[in-house]
Amino acid sequence: MSTPAVTAGDALSPLPGDGSRGASARAPSVGRPGPLALGVVTLWLSVIVLLPLAAVVVQSFDDGLAGFWEAISNRQAVAALRFTLLVALVVALINAVAGTLIAWVLVRDEFRGKKTINALIDLPFALPTIVAGIVLLALYGNGSPVGIDIAFTQAAVALALLFVTLPFVVRSVQPVLIELDREMEAAAASLGASRATSFRRVVLPNLRPAIIGGAALAFARAVGEFGSIVLISGNIPFETQVSSVYVFKQIESDAPISAAAVSVLLLVISLAVLFTIRLFASWSARHER
């Protein structure tokens, strides 16, 4: 009398009467968060983010819509905003190139001191930005030990912003490079493509979303930067004054409503950049699929 064959599905199914359930039934389901977890998250975000932002928005309209418009459209505020956006854009573009190059060297090359350099990339995240401003002022200000005095110039503002935004593109591109399949590059090389052509046609399209995302984050950070700029910029109106320092000066001048109005404008710009990043990420994911 033959014995019936046992299939893989029979082996994994529960025995009759043992009271156990199948593996699929035991697996936790993914669904809506519990009311307690959702309540805690909502409360935390409200206290830390939403309520302070709402308070600033309400204060910015204390003098009405006309007062809000007057605060953000006066010549000094417009000049500060124009310079802020321009220098932030330049810094983001430089970061897109330099950050990609640094990430490439850290991932593809081996050299002594690589781990140290890799750790130094995150220094701007850990170092208080006011300390960065003091360091840059001591190095590139009056009495510079390297003979370079650019303090209180637009170049000094760009240098400070380059320092604080350095990690964004590097840390965005690095994981993509690590996961990138090198067989595609080898195939391109076997077909006669040069290294430059292989990078442009094979590697760069895979890195483009990470580069753009990192550069956009660097731009958003540069727009709102304060600590590293306040000392080295000199805060010269219509020359080196950025919007964040302008807001600080408005508070010192006992004009909190005007400061709140410009702050709301910077907030809108930052949110627009972050929203654009999310849209681009969603588009890239759909395009890859």
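Buried means under 20% relative accessible area, exposed means over 50%, and partly exposed is anything in between (1.4 Å probe, protein chains only). Keep that handy for the exercises below.

A word on the source: this is a predicted model, where local features need pLDDT of at least 70, side-chain atom pairs count only at pLDDT 80 or more, and totals for chains, interfaces and linings use all residues. Residues are numbered from 1 along each chain as its sequence is written, and side-chain values use heavy atoms, with hydrogens and water left out.

**Exercise 1. Get an overview of the chain.**

Task: Work out how many helices and strands there are in the chain.

Solution. Start with the rule: helices (H or I, at least four residues) and strands (E, at least two) are DSSP runs, numbered from the N terminus. Counting that way, the chain has 13 helices and zero strands. Written along the sequence, the pattern is α-α-α-α-α-α-α-α-α-α-α-α-α. Next, burial: of the 289 residues in the chain, 33% are buried. Last, contacts, meaning heavy atoms within 4.5 Å. Take the contacts between residues at least 6 apart in sequence, and 73% of them join residues at least 24 apart.

**Exercise 2. Track down the salt bridges.**

Solution. A salt bridge here is a side-chain nitrogen of Lys or Arg within 4 Å of a carboxyl oxygen of Asp or Glu.

- Glu110 is exposed, at 68% relative accessible area, whereas Lys114 is buried at 17%.
- Step two: Arg171 and Asp122 form a salt bridge at 3.0 Å, N to O. This pair links distant parts of the chain, 49 residues apart: Arg171 sits in helix H9 (residues 154–179), and Asp122 in the loop between helix H6 (114–120) and helix H7 (123–126). Arg171 is partly exposed at 24% relative accessibility, and Asp122 is partly exposed at 30%.
- Step three: Lys249 and Glu252 form a salt bridge at 3.4 Å, N to O. They are three residues apart in helix H12 (residues 243–252), so about one helical turn separates them. Lys249 is partly exposed at 31%, while Glu252 is exposed at 53%.

**Exercise 3. Describe two helix pairs.**

Task: Say at what angle H10 and H11 pack, and at what angle the axes of H5 and H9 cross.

Solution. Two packed helices are described by the angle between their axes and the distance between the axes. The axes are lines fitted to C-alpha atoms, for helices over the stretch in contact, and angles run from 0 to 180 degrees between N-to-C directions.

- H10 with H11: helix H10 (residues 182–190) and helix H11 (residues 195–224) pack at about 160 degrees, with axes 10 Å apart. H10 and H11 are therefore roughly antiparallel. On the H10 side, Met184, Glu185 and Ala188 meet Ser198, Val202, Val203 and Asn206 in H11.
- H5 with H9: the axes of helix H5 (residues 75–108) and H9 come within 6 Å and cross at roughly 40 degrees. That makes H5 oblique to H9.

**Exercise 4. Look around Thr165.**

Task: Decide whether Thr165 is buried or exposed, and list what Thr165 touches.

Solution. Thr165 lies in helix H9. With a relative accessible area of 0%, Thr165 is buried. Leaving out residues up to four places away in sequence, Thr165 touches Val91, Asn95, Ala218, Arg221 and Ala222.

Conventions. Parallel < 35°, antiparallel > 145°, perpendicular 65-115°, else oblique.
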